[in-house]
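Visitor: I would like to learn how to read helix packing. Please show me on an example.

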Amino acid sequence: MISELDNPGIYRKVLESLQTGIYLVDREQRILFWNDGAERITGHLRQDVLGRFCVQSLLANYGGNDSFASDAAEAITAVLRDGKPVAVNVSLCHKEGHRVLVRLRAVAIRNSHGTVIGAAESFEESLSVSSWDRRQGKLAGFGCIDENTGVFNREYLLFQLRESLDTFNQYHIPFSVLCIGVDQIEKFQAAHGVRAVTAIQRAVAQTLGNSLRPTDFLGCLSERSFLAVLTECKGTEIDSVAKRLRRMVGYTEIIWWGDKLSVTPSFGGTASMPGDTVESIIARAEAALNAGDPGVANRINIILGG
């Protein structure tokens with residue numbers, strides 16, 4: 001008796017509907033299959049990618065971190081060359097321009113003679129990204145999310161900052177904050193318009209949010225700056241966090257009227273101190289952001305004392 005499960009079309013439908021990202025490439029790395037999960041995670045629809053040789057632009061290298069040692073293109077090349085499975089962490093480029101951290105696994109596809117004829121890749125968001133998406137989705141219904149950027153609005157951000165200060169004052173658990181500004185945003189607006197500014201600000205915000213831990217918080221401090229609350233983060237650790245975030249934003253870009261647009265961020269950070277208020281810790285972070293030569297882009301300034 002032949003089972004309905006013997007129909008190969010059923011397996012294709014299952015693969016297409018899985019929420020884990022799955023795609024197939026041939027020997028030339030032309031994309032032949034792109035499922036629902038790949039659409040959900042990347043924002044790229046099937047018609048955007050099928051038949052294209054664009055893996056490098058879709059799944060680009062994270063760079064600069066030992067735990068992200070290889071990009072997707074290198075992983076696929078290695079599988080096609082060696083026929084051995086590969087698993088790497090990569091930074092994926094969403095269609096809207098922001099970065100998403102994923103775990104990518106690739107295996108070889110062989111014909112009946114054992115010859116490698118292509119590769120199959122699957123990818124899933126990191127725990128921090130999936131937690132970020134769930135939290136933002138829930139809070140949006142309660143008026144806590146800024147519509148333009150998709151991160152906490154100023155009111156909810158300040159509420160979370162007060163909570164962190166209360167925890168610090170009662171239990172002495174340290175935390176730090178990073179004030180983040182987009183460099184030369186006025187020139188960017190003059191060149192490309194207000195809508196382009198909104199688009200790049202959202203891409204930067206989503207990249208930052210996806211790159212933080214699930215316990216951290218990110219929100220709009222003003223129209224031109226963000227504030228990240230880094231829980232259980234000492235002052236000596238701020239610089240490494242800022243450098244990691246700066247690298248991620250460096251890979252962020254939007255497509256605007258056919259042009260690829262990107263920006264550089266600057267950071268001002270400070271750690272919590274006894275006697276701090278919401279106003280005092282924000283003032284130190286903003287002072288750090290504005291310290292030094294304002295014409296020097298992509299800077300990181302940290303204030304560890306009052």
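Visitor: Which residues in H8 meet which residues in H9?

Guide: First, the ground rules. This is a predicted model, where local features need pLDDT of at least 70, side-chain atom pairs count only at pLDDT 80 or more, and totals for chains, interfaces and linings use all residues. Residues are numbered from 1 along each chain as its sequence is written, and side-chain values use heavy atoms, with hydrogens and water left out. Contact means heavy atoms within 4.5 Å. Here, Ile185, Phe188, Gln189 and His192 in H8 meet Val194, Ala196, Val197 and Ile200 in H9. By class, that contact has six nonpolar, two polar and no charged residues.

Visitor: How are two packed helices described?

Guide: By the angle between their axes and the distance between the axes. The axes of H8 (residues 185–192) and H9 (residues 194–211) come within 7 Å and cross at roughly 130°. That makes H8 oblique to H9. Angles under 35 degrees count as roughly parallel, over 145 as roughly antiparallel, 65 to 115 as roughly perpendicular and the rest as oblique.

Visitor: At what angle do H7 and H11 pack?

Guide: About 105°, with the axes of H7 and H11 (residues 278–290) 10 Å apart. H7 is therefore roughly perpendicular to H11. Leu158, Leu161, Arg162 and Leu165 of H7 touch Val278, Ile281 and Ile282 of H11.

Visitor: Which residues of H7 are buried?

Guide: Buried means under 20% relative accessible area, with a 1.4 Å probe and protein chains only. In H7, these are Tyr156, Leu157, Leu158, Gln160, Leu161, Ser164, Leu165 and Phe168.

Visitor: What follows just after H7?

Guide: His172, with a positive phi of about 60°.

Note on methods
Buried means under 20% relative accessible area, exposed over 50%, partly exposed in between (1.4 Å probe, protein chains only). Helices (H or I, at least four residues) and strands (E, at least two) are DSSP runs, numbered from the N terminus. Axes are lines fitted to C-alpha atoms, for helices over the stretch in contact, and angles run from 0 to 180 degrees between N-to-C directions. Ala, Val, Leu, Ile, Met, Phe, Trp, Tyr, Cys and Pro count as nonpolar, Asp, Glu, Lys and Arg as charged, and the others, Gly among them, as polar.
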